[in-house]
Amino acid sequence: MPEVVVDGVRLNTSVLRGRGDPPADGPRPAVVMLHGLIIDNLSSWYMTLAAPVAQAGADVFLYDMRGHGRSETPDEGYTVGDNLADLVALLDHWGLDRPVHLVGNSYGCLLALHLAHHHPERVASLFLVEAHFATEGWGDHMAASLAFAAFGLDRDVVQEWLAEQGGRRVNRLARHSEHLFLRTSLIADLESEAITPTAWLEAITCPTVALYGSESDVLDRGEALARHVPGCELRIVADRTHSLLTEETARLRTELVAWLRDHGGLPT
């Protein structure tokens, strides 16, 4: 897969070209997908929503965020600002100077919201799955959750279990997660995120839909988005959790294609 160096960090990228002839009056719609933290990477989009959107006619742009998947893992540089700068640089690299449709999962939604806030001219719509966004205490909450997850990864009993039962892929993922947790500034960078009031969400003007499971631990974020982002549509899926992307893949695939058709992200 093509690699792009952004601010000295090598990022793994992939582009799925849309199927069929491009529109007569311009380029194909562009859809950029943004994954979540730690165990997530661009492959989660490959296995869920990316291919159906490309088959329906849009160009789909994917990348592994710094420290994730096949991208480089620097020791420092994991703030929201660092990741937003990477996203803007990749849009420039891909030549996407027209508005793009952003699809986010969990932390990826945070980047989508910040791009819509800081660069509204570059965003056509937002399709958000289990969105996080920075509110009071968010950085501490995220850091504590990740630190709890990291607890024990370096313990002998865990390492022995991984060696016996984990398999090659699980072991590789565990080692990579351990390094990201314990050897980089990720957790410290999340803790350092400034507390921001929700008023900034009211400046987002593009069409937005936010999807959550009814049992999600961040459902309150969706309710806040519906209150503060003008026109934001909140959809709640019964008996589902924060893992909505994997729990309801077929449903999300149908809703995303319909959303893109309604908002210029796919040929009608």
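His-101 stands across from Ser-125 in strand E6. Strands here are DSSP E runs of at least two residues and helices are H or I runs of at least four residues, both numbered from the N terminus. This is a predicted model, where local features need pLDDT of at least 70, side-chain atom pairs count only at pLDDT 80 or more, and totals for chains, interfaces and linings use all residues. Residues are numbered from 1 along each chain as its sequence is written, and side-chain values use heavy atoms, with hydrogens and water left out.

Strand E5 (residues 100-105) runs parallel to E6, and six bridges join them; strands pair if DSSP finds at least two bridges between them. On to E7 (residues 208-213): that strand is also parallel to E6, with four bridges, and Val-209 in E7 is the bridge partner of Phe-127.

E6 (residues 123-129) has six of its seven residues buried, so the rest of the structure largely encloses it. Buried means under 20% relative accessible area, with a 1.4 Å probe and protein chains only.

## Around Gly-67

Gly-67 sits in the loop between strand E4 (59-63) and helix H3 (80-93). Its relative accessibility is 0%, so Gly-67 counts as buried.

Beyond neighbours within four places in sequence, Gly-67 contacts (heavy atoms within 4.5 Å) Glu-72, Thr-73, Pro-74, Tyr-78, His-176 and Leu-180. The C-alpha atoms of Gly-67 and Leu-180 are 6.7 Å apart, though 113 residues separate them along the chain.

Technical notes. Buried means under 20% relative accessible area, exposed over 50%, partly exposed in between (1.4 Å probe, protein chains only).
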